[in-house]
Amino acid sequence: MSVRLILAALLLVFAGPVAAQDTLPPAPYAYRQLDDPALEAKAQALMETLRCLKCQSQSIADSDAPMAGDMRHQVRTRIAAGEDPEQVRAWLIERYGDYVSYKPEISATTWPLFAIPVALLALAVLIIVRRLRKAK
Amino acid sequence: MIAEFGLAALWLSAALAGLQLLAGFLGLRQSGSELSALVRPAAVTQALLCALSFGALLLLFARTDLSVALVAKNSHSDKPFIFKLAGAWGNHEGSMLLWVTVMALAGGLIAFLERRLPERTMLATLASQAFVGLGFYAFLLISSNPFERLVPAAAEGAGLNPLLQDIGLALHPPTLYFGYVGLSIAFSFAVGALLTRQVTPDFAKVMRPWVLGAWIFLTLGITAGSYWAYYELGWGGWWFWDPVENASLMPWLAATALLHSVSVLASRDALRAWTIMLGVVAFSMSMIGTFLVRSGILTSVHAFAVDPERGTFILVLLAIYIGGALALFAFRAGTIAEGERFSVLSREGALVVNNVALSAILGIVLLGTLYPLLTEAFDVRVSVGPPYFNPVGAIFFLPMLVVLAIGPLLRWRRDSFARIRLPVIAIAVVGSAVLLAGWLIAGIALMPLLGMSLAAAVAVGSFLPLRGRSLRRLPLPVWGMVIAHFGIAVALFGMAADTAFTREKLVAAQVGETARVGPWSVKLASVDPVAGPNWTALEARLLASYRGGGEHELKPQARSFWTPPQQTSESALLTRWNGQLYAVIGGEAEGGRWQLRLWWKPFVTWIWYGGVLIALGGFLALLGRLSGDLRRRSAQAKIAARRAPETVSEPVEVVA
Amino acid sequence: MTWLRWVLLALVAALFGLFAWQLSQPKDEFVHSAMIGEPIPEFDLPAAVTERPGLSSANLADGQPKLLNIFASWCVPCRAEAPQLAQLEASGANIVAVAIRDRPEDVAAFLEAYGNPFSRIGKDDISAVQLSIGSSGVPETFVIDGQGVIRYQHIGDIRDSDIPKLLEELRKAGA
């Protein structure tokens with residue numbers, strides 16, 4: 001079962017029917033690193049947290065889909081132009097919504113994602129402390 | 001004929017499961033009922049018939065019988081034989097048949113082997129196993145019949161997804177299945193114990209090897225799946241926090257917690273209710289994972305037709321089994337006495353921390369996986385990925401590792417810090433030394449640095465329990481624990497090193513050109529077309545040299561399959577003890593250049609070596625438990641023989 | 001802590017409720033643009049074919065509402081929506097287009113075969129305009145008002161049944 005979905009995700013990496021594939025070479029910075037290693041590292045870290053919109057279940061750093069390549073080009077050129085990674089993320093979120101970013105920000109819709117682990121932590125401490133007390 | 005035979009065997013085993021449930025239930029209601037004698041034979045026969053049914057499906061795939069719809073849809077006569085067989089479980093219907101087969105086999109095995117439990121608990125366990133099995137039989141027979149005929153027969157099969165045509169992936173799903181479904185035994189034991197209210201150390205000892213067995217398969221399956229994704233995806237990633245991966249991780253987390261709490265129950269008669277709950281939760285996670293993946297409600301991947309009818313069916317089964325078991329737990333758990341007490345500074349105390357931390361991580365993975373589903377209900381779409389799971393999981397994972405390094409040094413029930421002061425100082429010194437060295441000398445980022453420091457601490461800590469003990473007399477399960485914990489350290493070091501030290505190089509290279517990545521220089525020697533049985537490919541010949549040393553050849557391929565038409569990239573890996581060189585050939589670039597992707601990944605293989613060590617540790621523990629059980633059994637037989645020599649006609653030693 | 005057990009049971013029940021609800025809902029596979037109501041970002045694309053001029057953001061703010069079609073010659077559903085685009089053009093819609101990752105000769109052949117309802121066609125080889133307006137595939141069709149503000153997004157190929165809605169949106173945008 002798990003396999004089927006991994007596969008399905010893969011199918012999209014290698015982008016479905018051959019007929020519906022463009023033949024244009026990839027965007028300049030789709031498969032080319034920035035010359036400055038520090039900037040490239042920033043770009044790479046960011047790309048790993050952005051969703052490939054074509055493949056739906058992969059980051060743009062792990063996808064051969066042409067659109068992922070175009071997104072990598074955007075990220076690299078913007079970082080090279082001196083933009084902060086979080087600015088680039090915000091630029092994409094402005095266009096595609098929170099869906100495009102794998103890094104949920106604390107907001108009206110996502111606060112439980114952060115509140116529940118805190119509650120779990122409290123609960124964990126509570127359970128352990130109660131065990132401790134009972135032992136005495 | 002084979003298909004009809006397989007289907008008939010499947011119906012029969014479903015009927016036997018019904019009989020097993022009924023007889024078990026009636027046997028429980030009126031003790032001493034003659035019906036209860038039917039339960040064990042029914043379970044064993046059911047297992048045999050179900051295995052026959054799966055064998056029939058394998059045979060159909062081996063022969064590429066195109067008059068069977070499932071074969072026609074998922075196989076092709078040109079395919080290599082091993083992948084024809086793998087086609088049997090590389091689809092929905094076949095994998096569900098494998099699911100019920102594993103369930104039936106597990107039930108049959110406990111019916112055949114297990115004689116230590118009180119008969120009532122045994123009846124309840126087997127009845128519960130049959131009850132769960134029945135639902136999946138119904139699912140298979142009503143909505144997913146694998147033996148359906150195709151009239152008229154197809155002239156040729158549609159082929160198997162090329163990505164399934166890989167030996168690692170062919171074996172990965174059955175391994176995971178044995179793990180997922182093996183946990184059904186723990187579930188049934190838990191339900192059985194809840195029904196009869198008999199939760200004892202003996203019960204835990206009976207349950208433990210089954211949990212261990214399933215856990216070993218899960219560990220191997222996840223390790224193999226991660227390695228497969230690593231080399232097949234072609235981008236060097238080995239864990240993506242993808243819902244599908246999370247679906248396999250969650251049962252593993254629960255099973256790992258269960259494994260430790262069942263040991264506490266077996267040795268110390270404590271954590272009774274908690275163990276029972278984990279037994280229920282572990283298999284529930286397997287079922288929820290199956291539901292999430294099969295119903296298609298989670299990933300929005302278009303490639304597979306998703307069937308809401310099947311999703312509904314599984315959901316109803318889930319509600320009955322998980323809801324039922326948890327409700328039973330909620331009602332009954334209060335009537336199970338809590339068990340022995342212990343001090344917090346004790347082996348049990350450390351294991352409680354481990355259990356709580358694992359459960360919390362499980363909760364976080366579940367939350368992160370399902371959260372997008374929740375917000376979708378309010379028309380908001382979010383993505384939860386590595387930037388969430390890694391740091392939030394670490395809140396619990398890192399303290400758990402500290403306890404993992406120290407816990408095995410502690411004695412059961414009560415211990416004093418003074419006794420273990422020396423080893424604890426040793427562990428702390430090693431951990432801090434790595435932390436400081438990594439920070440000051442290598443300048444590693446915080447998360448991988450913490451990982452490396454804890455890996456070193458856990459590595460040292462895992463061997464310290466051997467101190468002052470005779471290695472030859474050391475029981476196998478202790479070896480198992482040492483090796484499994486050391487495996488955690490190895491895997492963790494691999495993850496941290498990969499994160500901290502990976503070097504990436506993307507180039508558009510001309511033939512003859514050399515690229516550098518980390519300590520490697522890689523020359524593109526040639527690019528040639530090659531042909532396989534059902535694909536053609538462009539193959540690059542790369543000559544790689546490590547720090548100017550001898551040349552090694554790598555041959556990554558860009559493959560095109562034609563049934564069905566699809567392109568894949570086959571990465572080429574060069575493994576050294578200290579890492580892997582990873583090479584992928586992409587498309588053709590302008591000016592007769594080729595896109596090459598190269599990675600130098602120091603110590604990345606340690607991730608999977610660690611996984612294998614963890615599984616090996618489990619295997620040693622299992623071996624130790626089983627041989628211990630066998631010894632005990634023969635000793636008991638001897639005692640019985642001495643007590644009543646007149647009733648034994650043959651020397652007991654021979655029997656034992 | 002007996003209450004925890006009941007909390008657990010309640011959580012599981014809620015979870016199943018969520019699953020059941022999600023199963024009953026049609027899955028929305030599309031990624032919708034978050035740019036509806038926003039002015040179109042600045043861009044200036046060269047012409048994709050010789051017989052039509054290129055497209056810039058200024059062209060989209062010339063006072064007349066337009067349909068902006070994102071297409072490609074290599075995209076199969078784009079062929080399927082060609083008659084509907086022709087029909088929209090016949091109904092008076094001014095349709096401009098962006099060709100994604102495409103070669104001029106391929107676009108020309110595509111227009112030759114399936115008709116050319118476009119008054120302008122910009123050439124976007126790196127999906128830059130597509131990314132800037134939150135579009136995630138081909139074909140997609142946007143309604144842009146006379147001030148260059150994005151008013152509506154249609155994802156996927158245009159079917160006959162979609163035409164009235166698109167014309168209505170165009171009318172609302174001031175046509």
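A crossing is called left-handed if the near helix is turned anticlockwise from the far one by less than a right angle, and right-handed if it is turned clockwise. In this predicted model, H2(B) passes H5(B) in a left-handed crossing.

**Helix packing in chain B**
- Helix H2 of chain B covers residues 39-62 and helix H5 of chain B covers residues 92-113, and the two pack at an angle of about 150° with their axes 8 Å apart.
- Because angles over 145 degrees count as roughly antiparallel, H2(B) and H5(B) are therefore roughly antiparallel to each other.
- On the H2(B) side the contact includes Ala43(B), Ala47(B), Cys50(B) and Phe54(B), while the residues they meet in H5(B) include Leu97(B), Thr101(B), Ala104(B) and Gly108(B).
- The residues of this contact between H2(B) and H5(B) divide into 14 nonpolar, six polar and one charged.

**Domains of chain B**
- Chain B is divided into domain 1 (1-160), domain 2 (417-501 + 613-630) and domain 3 (503-602).
- The C-alpha centres of domain 1 and domain 3 of chain B lie 44 Å apart, and six residues of domain 1 are in contact with four residues of domain 3.
- On the domain 1 side of that contact, the residues divide into two nonpolar, two polar and two charged.

**Contact between chains C and B**
- In chain C, 16 residues are in contact with 21 residues of chain B, and those on the chain C side divide into 11 nonpolar, two polar and three charged.

**Annotated segment of chain A**
- An unreviewed UniProt entry places the feature "transmembrane region" at residues 111-129 of chain A.
- Over residues 111-129 of chain A the model is 100% helix and 0% strand, with the end C-alpha atoms 27 Å apart.

Definitions and conventions. Residues are numbered from 1 along each chain as its sequence is written. Chains are lettered from A and ligands numbered from 1 in the order in which they are written. This is a predicted model: local features need pLDDT of at least 70, side-chain atom pairs count only at pLDDT 80 or more; totals for chains, interfaces and linings use all residues. Two residues are in contact if their C-beta atoms, placed from the backbone, lie within 7 Å. Ala, Val, Leu, Ile, Met, Phe, Trp, Tyr, Cys and Pro count as nonpolar, Asp, Glu, Lys and Arg as charged, and the others, Gly among them, as polar. Axes are lines fitted to C-alpha atoms, for helices over the stretch in contact, and angles run from 0 to 180 degrees between N-to-C directions. Helices (H or I, at least four residues) and strands (E, at least two) are DSSP runs, numbered from the N terminus. Angles under 35 degrees count as roughly parallel, over 145 as roughly antiparallel, 65 to 115 as roughly perpendicular and the rest as oblique. UniProt positions are given in the numbering used here, feature names are shortened, and annotations may be inferred rather than shown by experiment. Domain bounds come from an automatic or database domain assignment.
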